[in-house]
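Please open the model in your viewer and keep the sequence panel beside it. The tour below moves from one selection to the next and says what is to be found at each stop.

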Amino acid sequence: MSIQGKTILYTGAAGGLGLPATLHFLRAGATVLAVDHDAAKLSALTDAAAGIDAGRLVTLAADLSDLDGFRSLLSGQAAALGGLDVVINNAAIYPAKPFDDYSIEEHQAVQRVNVDAGIVAVQVALPGMRGRGWGRIINIASITFYGGWANLSPYVASKGALVGLTRAWAREFGPHGITVNAISPGAFPTDAEKIHPDPEGYTRFVLDHQAVKRRGHPGDIAEALAFLASDAAGFISGQVLNVDGGWVMH
Ligand SMILES: NC(=O)c1ccc[n+]([C@@H]2O[C@H](COP(=O)([O-])OP(=O)(O)OC[C@H]3O[C@@H](n4cnc5c(N)ncnc54)[C@H](O)[C@@H]3O)[C@@H](O)[C@H]2O)c1
C-alpha cells in the first residue's frame, strides 16, 4: 500500500483532520498541494512539515468560495506539479442553527465551499487523470448525513451531495482507471466539534454510540485516506467508508 511519488491535492489541508493527514502523506513520500484560506494555519502546517517534506509540500492560499479564482490558481499549480493524481475534497464550513434561520444565500454559501469547490477541483484534475489512466478522488462526507443531528441542514445537504457525486463520478470515471470514494468521519475532536455547547456531555454521547470505546484521532482518517489513495484500493469505487469507531453500520 503506497502513495509514494503521488501528487495529492488536499483542500482544507490546514484544518484539524487535514494537517495530520498532510504530514502522514509527506512521510509516505507523496507530494501534497495543500489548499486553505487560513494563512496562519497554512503557515503552522509548513512549520509542522519542516524536516519531513523534502520540498514536497506546496501550500496554496485560496478562498474556495471564489470558484473562478480557485480554478485559476489551482490550474496553475496543477500544471506546475505535472498534474494531480489524487484529489481529496475535504474543506468544509458547518454553520449550525435552526432551518428557519438560514437564508437561501447562507445555504448556497455552504454548498459553494463544501460541494462546488470540489467539482472545480475534479474538473481541473480530470484531464490529467484520464491521460495517465490513473486517478483517485476522495470526498469527505460526514456521519451527520445518516441523521440524528438537527440544525445543520445546509451542511448535511452538502454531504449528501458529495455522496451522490461520489457514486456518479465513480460510474463515469471508472473506465479511465479513476476510482471515486467517500470517507465519512464520525466524531473527531477538532474545531468542527466546537459547535457543540457541552463538550463533556458530547464526548459521553459519542462514546455511548461508538462500538469502539475511545475517541477517534486524525490518524484514523489519514490511514483510511492513504489506503483509498493507493494502488491497493484499485478495485474499490463508489463507496462510502465510515471511519467512526463503529457508530453507523450501513
Ligand atoms: N471533525 C469531525 O468530527 C468531523 C466529522 C464529520 C465530518 N468531518 C469532515 O471532515 C472534514 C475536515 O474537518 P475538520 O474537522 O478538519 O474541520 P476544520 O474546520 O478543522 O478544517 C476545515 C478546513 O477547511 C478550511 N476552509 C474552510 N472554508 C474554506 C474556504 N472558503 N476556502 C479554503 N479553505 C477553507 C478551513 O480553514 C479549515 O482549515 C470536513 O469536510 C468535515 O465536514 C469532520
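**Around the ligand**

Begin with the shell around the ligand in this predicted model, which by class comprises 14 nonpolar, nine polar and six charged residues. Altogether 29 residues surround the ligand, and if you label the closest of them you will have Gly12, Gly15, Gly16, Ala92 and Thr190.

**Along helix α3**

Next select residues 67-80, which form helix α3; its 14 residues reach 20 Å from the first C-alpha to the last, close to the 20 Å expected at 1.5 Å a residue. Show the side chains of Phe70, Leu74 and Ala78, which are buried in α3, and then turn the view until you look down the axis of α3, where the buried residues fall within an arc of 55 degrees and so line one face of the helix. An α-helix has 3.6 residues a turn, so residues three or four places apart point the same way.

On the face of α3 turned away from this buried side, select the exposed residues Asp68, Gly69, Gly76, Ala79 and Ala80. Just after α3, stop at Gly82, which takes a positive phi of about 80 degrees.

**Across to helix α4**

Within helix α4, pick out Glu105, which counts as exposed because it has 7 C-beta neighbours inside 10 Å. To finish, draw a distance from the C-alpha of Glu105 to that of Gly83: the two residues are 22 apart in sequence, and 34 Å separates them in space.

Technical notes
Residues are numbered from 1 along each chain as its sequence is written. This is a predicted model: local features need pLDDT of at least 70, side-chain atom pairs count only at pLDDT 80 or more; totals for chains, interfaces and linings use all residues. Helices (H or I, at least four residues) and strands (E, at least two) are DSSP runs, numbered from the N terminus. The expected span of a helix is 1.5 Å times one less than its number of residues. A residue is buried if 20 or more other C-beta atoms lie within 10 Å of its own, exposed if 12 or fewer, and partly exposed in between; C-beta atoms are placed from the backbone. The arc is that of the directions from the helix axis to the C-beta atoms. A residue is near a molecule or strand if its C-beta atom, placed from the backbone, lies within 6 Å of it. Ala, Val, Leu, Ile, Met, Phe, Trp, Tyr, Cys and Pro count as nonpolar, Asp, Glu, Lys and Arg as charged, and the others, Gly among them, as polar.
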